Amino acid sequence: VSADSVAGLQPPVVFAANEQGAMDYHLLRFALPSRVRPTMIAPSRAIAGGRNVVVFADEPVKRRLVGEFSTVPAALANQNNVPSVPVGIVGTFKLQDILKLALRGRPKVSIRFGAPLYTRGRSLAEATAEVQ
């Protein structure tokens, strides 16, 4: 986890994360300090209340590793004048199935945080492309 990218963040922020598996939200919350842990419930209301939110990309289409982001993360960040933080979660695809088996070693999972992106004054398409 590249915690340097999130160490100085002041809530609220929008985390824009790829999604590989069903456990990604829980792993993301576990990887972050409690003061910056995001929610997925009622994102507009959560940001207005000073809480961080996470928005996941759509499921990837065949032969792609990362799904496409909608304009939702950029729109939330723009409307509330907060940064969006790209998050890459790697190694969780089928992790839930793997954990049902007896493990011989630790599954390799990593969470990478990008630099905060500010969308104010940019088009949603431009901001979404940068997050992607």
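Predicted model: local features only at pLDDT ≥ 70, side-chain atom pairs only at ≥ 80, totals over all residues.
1. Helix 6, buried side. Helix 6 spans residues 124-131, and its buried residues are Ala127, Thr128 and Val131. These residues lie on the same side of helix 6 because they cover an arc of only 100° around the axis. The elements that cover them include strand 1 (14-17), helix 4 (72-80) and strand 3 (84-90).

2. Helix 6, opposite face. Ala125 and Ala129 are exposed, and they sit on the face of helix 6 that is turned away from its buried side.

3. Helix 2, buried side. In helix 2 (residues 24-31), the buried residues are Asp24, Tyr25 and Leu28. Their arc around the axis is only 100°, which places them on the same side of helix 2. The packing partners of these buried residues are strand 2 (53-56), strand 3 and strand 4 (110-113).

4. Helix 2, opposite face. The exposed residues His26 and Phe30 are carried by the face of helix 2 turned away from its buried side.

5. Salt bridge. One salt bridge is found in a search of the whole structure. Arg122 and Glu126 form a salt bridge, with 3.8 Å between the closest N and O atoms. In general, side chains of opposite charge can pair when their charged atoms come close.

6. Exposure of the paired residues. Glu126 has a relative accessibility of 44% and therefore counts as partly exposed. Arg122, with a relative accessible area of 24%, is partly exposed.

Terms used. Residues numbered from 1 in each chain as written. Heavy atoms only, no water. Buried < 20%, exposed > 50% of the residue type's maximum accessible area, 1.4 Å probe, protein only. Helix = DSSP H or I, 4+ residues; strand = E, 2+ residues; numbered from the N terminus. Arc of directions from axis to C-beta. Contact = heavy atoms within 4.5 Å. Salt bridge = Lys/Arg side-chain N within 4 Å of Asp/Glu carboxyl O.
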